[in-house]
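Student: Could you walk me through this model, starting with how its helices pack?

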Amino acid sequence: MPLNPADDCFLSALEGALPQGRLRAPKPHELAEPRGRGAAIAAAIACPHTVQEVSVILKACNNALVGLVPIGGGTGLVMGQGLQSGPLPLMLSLEKMAAERAAYGQENVLVVEAGMILANVQNAAQNLERQFPLTLASQGSCQIGGNLAANAGGTGVLRYGNARDLCLGVEAVLADGSIYHGLKRLRKDNSGYDVKNLLIGSEGTLGIITAAALRLYPAAGRVGAAMFAVPSVEAALALYTLASEQLGGMVSAFEIISQMSFAFLSETMPDLRQPFAKPPAWTVFIDLDLVQGLDPEAALATLYQSAEGQGLVTDGVIASSSTQRGQFWHLRESLPLANRKVGSVSSHDISLPLGALADFIAQAGPAVAALGDLRVNCFGHLGDGNLHYNVFPAKGRTRAEYEDLRLQIKGLVHDIVASMGGSVSAEHGVGRLKVDDLARYSDPTKMAVMRAIKNALDPNGILNPGVILAPLPLRS
Ligand SMILES: Cc1cc2nc3c(=O)[nH]c(=O)nc-3n(C[C@H](O)[C@H](O)[C@H](O)COP(=O)(O)OP(=O)(O)OC[C@H]3O[C@@H](n4cnc5c(N)ncnc54)[C@H](O)[C@@H]3O)c2cc1C
């Protein structure tokens with residue numbers, strides 16, 4: 001169904017239906033794309049204070065066939081939080097819905113509104129002497145609603161799962177304004193289709209998540225971290241197997257960092273202290289959260305010794321204090337910023353079966369090099385099989401010089417991923433950036449099911465037009 005622009009007539013009717021001050025102009029950073037790929041358009045931003053007000057807004061959009069684009073912290077990297085062309089949409093921000101609704105310490109459950117910043121959710125959990133283990137470099141600005149909408153991953157997935165695994169229930173508003181009261185705190189609930197899990201990861205295309213019941217974990221026990229230099233990706237994977245055997249589920253992060261990642265840090269953040277004088281080909285960052293009574297430093301030293309005996313490591317630094325562990329984390333979390341400063345030609349958030357990771361890197365590297373003078377910065381969540389495989393201009397050149405190669409690089413990388421049974425969207429989602437990739441690489445039956453669900457829940461296509469499935473509206 002073609003959509004209409006959110007014109008003055010629509011906006012003044014909506015303003016009249018809401019308490020005063022619920023509509024405002026978008027701020028420049030809300031229309032900007034985090035990687036500088038164009039600007040979004042919007043007639044206004046609606047900032048509701050309650051779920052009932054969200055319902056009024058959605059009803060108005062649905063009746064007037066006006067597109068609605070939800071924005072959380074705006075840190076999504078697949079252009080889901082901004083429409084760049086077509087009829088002017090209304091944007092929706094839950095910045096005024098950021099309260100803690102309830103805490104159930106004994107149950108390990110925290111109920112918060114969707115506009116709460118992730119770091120504030122983590123702090124609220126800490127106040128209960130618990131932890132909320134969703135950990136992203138963007139946690140200071142992304143919102144829990146955006147995390148759930150994108151089913152965010154991050155560095156804690158290995159042990160605690162992704163956003164979906166950390167959520168027991170949601171409250172949401174559907175396209176026609178109806179409210180889904182699904183804020184359950186149940187760990188078992190086989191009562192029909194799982195609407196919560198359908199909404200999580202739907203990137204604002206099926207409903208607006210307004211609140212969530214989140215799963216907390218006991219506060220971290222004895223934590224520790226290390227950076228181990230490894231000679232190859234195969235060695236990193238063998239080290240992961242060894243770490244799993246020795247430490248079981250107590251490995252909370254197992255990340256891989258390429259030599260190029262450290263070069264980018266030197267290039268863009270020269271003051272950042274690095275663990276090795278000469279960065280090795282590959283570095284593994286391991287974080288442990290051990291039960292009381294165990295010593296992380298000793299556990300990491302034992303792991304290093306066994307790995308050295310098998311030729312899996314060539315150097316290592318084990319954090320001897322929480323400050324040093326913090327420095328390791330800071331370094332790891334600075335990688336996306338370093339990437340952004342250098343400016344990628346094409347970025348790929350991919351996942352592969354663990355057994356295919358080394359083959360992928362061995363194939364993709366030479367294939368990308370054959371296309372031109374490019375640099376590859378590969379890092380990511382090795383234990384999850386999730387790599388950020390990003391391609392950059394040669395030193396001294398700009399990404400604009402490679403614009404004509406961008407789609408070719410993306411196609412090449414994604415074709416290799418697909419041929420190995422991987423996914424071209426591991427944790428960042430599809431947004432508007434990967435709509436074509438999804439259509440190209442997905443199972444046709446899955447696509448048909450997704451279309452049927454979208455048509456059933458949002459028959460007018462007002463919710464986040466152009467994201468995941470819908471083509472951009474034709475009428476302007
Ligand atoms: C430096 C950096 C590091 C990052 N690291 C990671 C990482 O390790 N792992 C990872 O998974 N991601 C990562 N990201 C991506 C991003 O932070 C996550 O996708 C995050 O979950 C997005 O949250 P947000 O609040 O910023 O959402 P936004 O970017 O504002 O929105 C994301 C999507 O959700 C929709 N949406 C937002 N709020 C709602 C809502 N309440 N209801 C329905 N739909 C909604 C939007 O329309 C959009 O489609 C990183 C990004 C940056 C900039």
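Student: Happy to look at it with you! How are α12 and α13 oriented to each other, roughly parallel or roughly antiparallel?

Tutor: This is a predicted model, where local features need pLDDT of at least 70, side-chain atom pairs count only at pLDDT 80 or more, and totals for chains, interfaces and linings use all residues. Residues are numbered from 1 along each chain as its sequence is written. Helices α12 (residues 357-369) and α13 (residues 406-419) pack at about 160°, with axes 10 Å apart; angles over 145 degrees count as roughly antiparallel. The two helices are therefore roughly antiparallel.

Student: Nice. How many nonpolar residues make up the contact of α12 with α13?

Tutor: On the α12 side are Phe360, Gln363, Ala364, Ala367 and Val368, and α13 gives Ile409, Leu412, Val413, Ile416 and Val417; being in contact means C-beta atoms, placed from the backbone, within 7 Å. Ala, Val, Leu, Ile, Met, Phe, Trp, Tyr, Cys and Pro count as nonpolar, Asp, Glu, Lys and Arg as charged, and the others, Gly among them, as polar. The contact has no charged residues, 1 polar and, as asked, 9 nonpolar.

Student: Now the ligand: which element gives the largest share of its shell?

Tutor: The ligand is surrounded by 37 residues, each with its C-beta atom, placed from the backbone, within 6 Å. By class, 17 are nonpolar, 18 polar and 2 charged. Elements giving two or more residues are β3 (68-71), β10 (208-215) and α5 (144-150). The largest share, 5 residues, comes from α5.

Definitions and conventions: Helix = DSSP H or I, 4+ residues; strand = E, 2+ residues; numbered from the N terminus. Axes fitted to C-alpha atoms, helices over the stretch in contact; angles between N-to-C directions. Parallel < 35°, antiparallel > 145°, perpendicular 65-115°, else oblique. Contact = placed C-beta atoms within 7 Å.
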